[in-house]
Amino acid sequence: MQKLRPDKTGTHRTVYESNRKKIMKTQSICGICGRPVDKSLKPPHPLAPCIDHIIPVNKGGHPSDIKNLQLAHATCNRQKSDKLFKDTSPGDKGLVLGNRNLPHSIDWTSYKSK
């Protein structure tokens, strides 16, 4: 049987929903690609807003801590999946900095739904 993620059930769900609302009100830039997020778009539009776990829950990230959540485009979040971006600059200490250097399948900013 599949185990449910902590941010989908139980006490973390309430905190996650509260933090999701705060992020939707206060952030406007995708934490993955760095472009503005149009909050008027709704799924299944690929640029619809969603909440991303910076450090994925399955990699040890906290399921509901606001410091581990960021605004993202739906397509950016899907492409990021459970990947992590590490600092490769001189003096790298192996710290996770963000997720902005991920490849994109197409330029979704020019997407037009039918």
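Visitor: Where is Pro44 found?
Guide: Pro44 is in the loop between α1 and β1. Helices (H or I, at least four residues) and strands (E, at least two) are DSSP runs, numbered from the N terminus. Please note that this is a predicted model, in which local features need pLDDT of at least 70 and side-chain atom pairs count only at pLDDT 80 or more, while totals for chains, interfaces and linings use all residues. Residues are numbered from 1 along each chain as its sequence is written, and side-chain values use heavy atoms, with hydrogens and water left out.

Visitor: What joins Pro43 and Pro44?
Guide: A cis peptide bond joins them, with omega at about 15°. In general, most peptide bonds are trans.

Visitor: And Pro43, is it buried or exposed?
Guide: Pro43 counts as exposed, at 66% relative accessibility. Buried means under 20% relative accessible area, exposed means over 50%, and partly exposed is in between (1.4 Å probe, protein chains only). Pro43 also lies in the loop between α1 and β1. Its C-alpha atom is separated by 8.0 Å from that of Ala74, although the two are 31 residues apart along the chain.

Visitor: Let me step back. How many helices and strands are there?
Guide: The protein has two helices and four strands. Their order from the N terminus is α-β-β-α-β-β.

Visitor: How much of the protein is buried?
Guide: Of its 114 residues, 34% count as buried. The accessible surface comes to about 7600 Å², and 56% of this belongs to carbon and sulfur atoms. Such areas come from the Shrake-Rupley method with a 1.4 Å probe, and for residues only the protein chains shown count as cover.

Visitor: Now helix α1. What should its span be, and what is it in the model?
Guide: Helix α1 covers residues 10–26, and at 1.5 Å a residue its 17 residues should span 24 Å. The expected span is 1.5 Å times one less than the number of residues. The end C-alpha atoms of α1 are 25 Å apart, which agrees.

Visitor: Which residues of α1 are buried?
Guide: They are Tyr16, Asn19 and Ile23. These residues cover an arc of only 75° around the axis, which puts them on the same side of α1. The arc is that of the directions from the helix axis to the C-beta atoms.

Visitor: Which ones are exposed on the other side?
Guide: Thr14, Lys21 and Lys25 are exposed there.

Visitor: What covers the buried ones?
Guide: The cover of the buried residues of α1 includes β1 (49–53) and β2 (69–73).

Visitor: Which residues make up the largest nonpolar core?
Guide: It has 11 residues in all, among them Tyr16, Ile23, Cys30, Cys50, Leu71 and Cys76. The elements that give two or more residues to this core are α1, β1 and β2. Strand β2 gives the most, with three residues. A nonpolar core is a set of buried Ala, Val, Leu, Ile, Met, Phe, Trp, Tyr and Cys residues joined through side-chain atoms within 4.5 Å. In soluble globular proteins, nonpolar side chains tend to be buried together.

Visitor: I see cysteines there. How many disulfides are there?
Guide: The count comes to zero disulfides, a disulfide being a pair of cysteine sulfur atoms within 2.5 Å.

Visitor: New topic: what is the phi of Ser81?
Guide: Phi of Ser81 is near 55°, a positive value in a residue other than glycine. Most residues other than glycine have a negative phi. Ser81 lies in the loop between α2 (74–80) and β3 (85–86).

Visitor: Last one: what does Ser28 touch?
Guide: Not counting residues up to four places away in sequence, Ser28 touches Arg35, Pro36, Val37, Lys39 and Leu71. Contact means heavy atoms within 4.5 Å. Ser28 is in the loop between α1 and β1.
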